[in-house]
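User: Hi! Could you walk me through how the helices pack in this one?
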Amino acid sequence: MEMIAGQFWYFAASLLWGIVLMLFYDILESFRRKVRHGRIGRLIEDWLFWSVAALLVFQMVFALNNGIIRSFFVISFVAGMALYRRVAGDHVIHGILALISLILRPYVWILGKICKFDKKSLK
């Protein structure tokens, strides 16, 4: 019975990790929408993100199942990613973008006032 409970927690953790990784990827995607990047910048960001993700997932697999990857782990991991994308993906991105805009609004306003003042002083 203990073996089945351990496998259940392995399944649940892989589902949760799929959700968490997609959440962090959406945070990265929101950042990309506010700050434009070239192809090389996106490549480097993706490479760093997925490298860190791979290390974290490996650590989880090693801690919960002695490094043994089971087929249900892969299925639940992908299911967690798909579930997150289907249920919350767009809402989270829009929420993060709104939060970033709300935080940056005073700075943009001040910068606009400074630029107007600078243009007037040049005339």
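User: What handedness does the crossing of H2 and H3 have?
Analyst: This is a predicted model, and in it H2 passes H3 in a right-handed crossing.

User: Nice. Which residues make that contact?
Analyst: From H2 you have Trp50, Val57, Met60 and Val61, and from H3 there are Phe73, Phe77 and Met81. By class, this H2 contact with H3 has seven nonpolar residues, no polar and no charged ones.

User: And at what angle do the axes of H2 and H3 cross?
Analyst: Roughly 135°, with the axes of H2 (residues 39-65) and H3 (residues 71-87) coming within 13 Å. That angle makes H2 oblique to H3.

User: What about Met60, which residues does it touch beyond its sequence neighbours?
Analyst: Leaving out residues up to four places away in sequence, Met60 touches Ala13, Ser14, Trp17 and Phe73.

User: Okay, the core next. Which members of the largest nonpolar core touch the most others?
Analyst: That core has 15 residues, and Leu21, Phe49, Val57, Met60, Val61, Phe73 and Phe77 touch the most other members. Helix H1 (2-34), H2 and H3 are the elements that give two or more residues to this core.

User: Which one gives the largest share?
Analyst: H1 does, with six residues.

User: Switching topic: is Arg42 buried, exposed or partly exposed?
Analyst: Arg42, which lies in helix H2, counts as partly exposed because its relative accessibility is 35%.

User: And what does Arg42 touch?
Analyst: Not counting residues up to four places away in sequence, Arg42 touches Glu29, Arg32 and His37. As for Phe31, Arg42 is 11 residues from it in sequence and 11 Å from it in space, C-alpha to C-alpha.

Note on methods: Residues are numbered from 1 along each chain as its sequence is written. This is a predicted model: local features need pLDDT of at least 70, side-chain atom pairs count only at pLDDT 80 or more; totals for chains, interfaces and linings use all residues. Side-chain values use heavy atoms; hydrogens and water are left out. Axes are lines fitted to C-alpha atoms, for helices over the stretch in contact, and angles run from 0 to 180 degrees between N-to-C directions. Helices (H or I, at least four residues) and strands (E, at least two) are DSSP runs, numbered from the N terminus. Angles under 35 degrees count as roughly parallel, over 145 as roughly antiparallel, 65 to 115 as roughly perpendicular and the rest as oblique. A crossing is left-handed if the near helix is turned anticlockwise from the far one by less than a right angle, and right-handed if clockwise. Contact means heavy atoms within 4.5 Å. Ala, Val, Leu, Ile, Met, Phe, Trp, Tyr, Cys and Pro count as nonpolar, Asp, Glu, Lys and Arg as charged, and the others, Gly among them, as polar. Buried means under 20% relative accessible area, exposed over 50%, partly exposed in between (1.4 Å probe, protein chains only). A nonpolar core is a set of buried Ala, Val, Leu, Ile, Met, Phe, Trp, Tyr and Cys residues joined through side-chain atoms within 4.5 Å.
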